[in-house]
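I opened the model in the viewer this morning and kept notes as I went. Here they are, entry by entry, for anyone who wants to follow along.

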Amino acid sequence: MKYKNGEEFLNHLYSDMHREESVMHTANKSNTPVEKIEKYLNRLERVHDKASKNSHKMEVLKKFYYDKYVIKELPDSYIELQKRIARERGYGDITVTEEMKKELLAQVQNEQKKSLNLWIDYLTSDDAMYPMWFKHYAFRGMLKLNKFDKEKQEFGKRSKTTTEPYIELNREVLAKVYDTIVKVMGSTEEISEEISKALELCKSRRKYRWYLDKV
């Protein structure tokens, strides 16, 4: 189980990545799937490098991510939850007006933006000394995780209507994930049971919890 580079690893992990619109935008028809991913990551790295050196460009970059990943409309279940909380606090049956909905949406959006900022600021900084393929992997994985479910002992799955902020950034966990993947990528011998399990968890919502336990 050996990969020549991170792009090969991503191509194995996300078999349709080379067909995604953002990847196809930078690719040539003659490129192999791995070459398409490499071109996309090179462009992404240039964009992030420029943004990290210019506050205005960073604002533009963050707005791009906000537009793509921050909730646009509150689900009815969230509104009903606010009504139930109001009743439990002794306010009785309240009517949630359109103005109140806008305020609630703004609060949820602001919390999601703050949590995204932690990841964006770190992954575009000099502190994150990882290759671009791993930064993409980490950010992409984070986008799928919802809050931790204590009963199931794993993180939930996010959707377009998820109101929770994005999960907390843990630098030590990221470092351990990176070290494990690099071991898998470069190994030509039999993979140890622990490393094999970690690789299987790469697509799973349990992976972050597994590494948190290790830390």
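**Entry 1: helix α6**

I checked the length of α6 first: at 1.5 Å a residue its 26 residues should span 38 Å, and the end C-alpha atoms are 37 Å apart, which agrees. The expected span here is 1.5 Å times one less than the number of residues. Helices (H or I, at least four residues) and strands (E, at least two) are DSSP runs numbered from the N terminus.

I note for the record that this is a predicted model, in which local features need pLDDT of at least 70 and side-chain atom pairs count only at pLDDT 80 or more, while totals for chains, interfaces and linings use all residues. Residues are numbered from 1 along each chain as its sequence is written, and side-chain values use heavy atoms, with hydrogens and water left out.

Next I looked up which residues of α6 are buried (under 20% relative accessible area; exposed is over 50%, partly exposed in between, with a 1.4 Å probe and protein chains only). Among them I found Leu-104, Leu-105, Val-108, Leu-116, Trp-119 and Ile-120.

**Entry 2: the whole chain**

I counted 10 helices and 2 strands in the protein chain. From the N terminus the order reads α-α-α-α-α-α-α-β-β-α-α-α. Of the 215 residues, 42% are buried. I also looked at contacts (heavy atoms within 4.5 Å): among those between residues at least 6 apart in sequence, 62% join residues at least 24 apart.

**Entry 3: helix α3**

I ran the length check on α3 as well: its 20 residues should span 28 Å at 1.5 Å a residue, and the end C-alpha atoms are 29 Å apart, which agrees. Which residues of α3 are buried? I noted Lys-36, Ile-37, Tyr-40, Leu-41, Leu-44, His-48 and Ala-51. Seen down the axis of α3, these buried residues fall within an arc of 125°, so they line one face of the helix. The arc is taken over the directions from the helix axis to the C-beta atoms. An α-helix has 3.6 residues a turn, so residues three or four places apart point the same way. Arg-46 and Lys-50 are exposed, on the face of α3 turned away from the buried side. The buried residues of α3 pack against α1, α2 (21-24), α4 and α7.

**Entry 4: the cores**

I then went through the nonpolar cores, each a set of buried Ala, Val, Leu, Ile, Met, Phe, Trp, Tyr and Cys residues joined through side-chain atoms within 4.5 Å. The largest has 43 residues, and Phe-9, Leu-10, Leu-116, Tyr-137 and Phe-139 touch the most other members. At least two residues each come from α1 (6-13), α3 (33-52), α4 (55-69), α6 (98-123), α7 (132-142) and α8 (171-186). Helix α7 gives the largest share of this core, 7 residues. I also found a second, separate core of 8 residues, including Leu-74, Ile-79, Leu-105 and Val-108.

**Entry 5: aromatic rings**

I used this criterion for pairs: rings of Phe, Tyr and Trp (its six-membered ring) pair if their centres lie within 6.5 Å, and planes under 30 degrees apart count as stacked, over 60 as edge-to-face and the rest as tilted. The structure holds 12 aromatic pairs. The ring centres of Phe-9 and Tyr-137 are 6.1 Å apart and the planes stand at 65°, so this pair is edge-to-face. Tyr-69 lies in helix α4 and Phe-139 in helix α7, so the pair ties together parts that are 70 residues apart in sequence. Tyr-69 is partly exposed at 25% relative accessible area, whereas Phe-139 counts as buried at 11%. I also noted one aromatic cluster, formed by Phe-9, Tyr-130, Trp-133, Phe-134, Tyr-137 and Tyr-178.

I finished at the strands, which count as paired if DSSP finds at least two bridges between them. Strand β1 (residues 145-149) and strand β2 (residues 154-157) pair in the antiparallel sense over 3 bridges. Phe-148 has Phe-155 of β2 as its bridge partner. The hairpin has 4 residues between the strands, and Gln-153 takes a positive phi near 55° there.

Is Leu-143 buried or exposed? Leu-143 is buried, with a relative accessible area of 15%, and is found in the loop between α7 and β1. Leaving aside neighbours within four places in sequence, I found Leu-143 in contact with Tyr-69, Leu-116, Arg-158 and Tyr-166.
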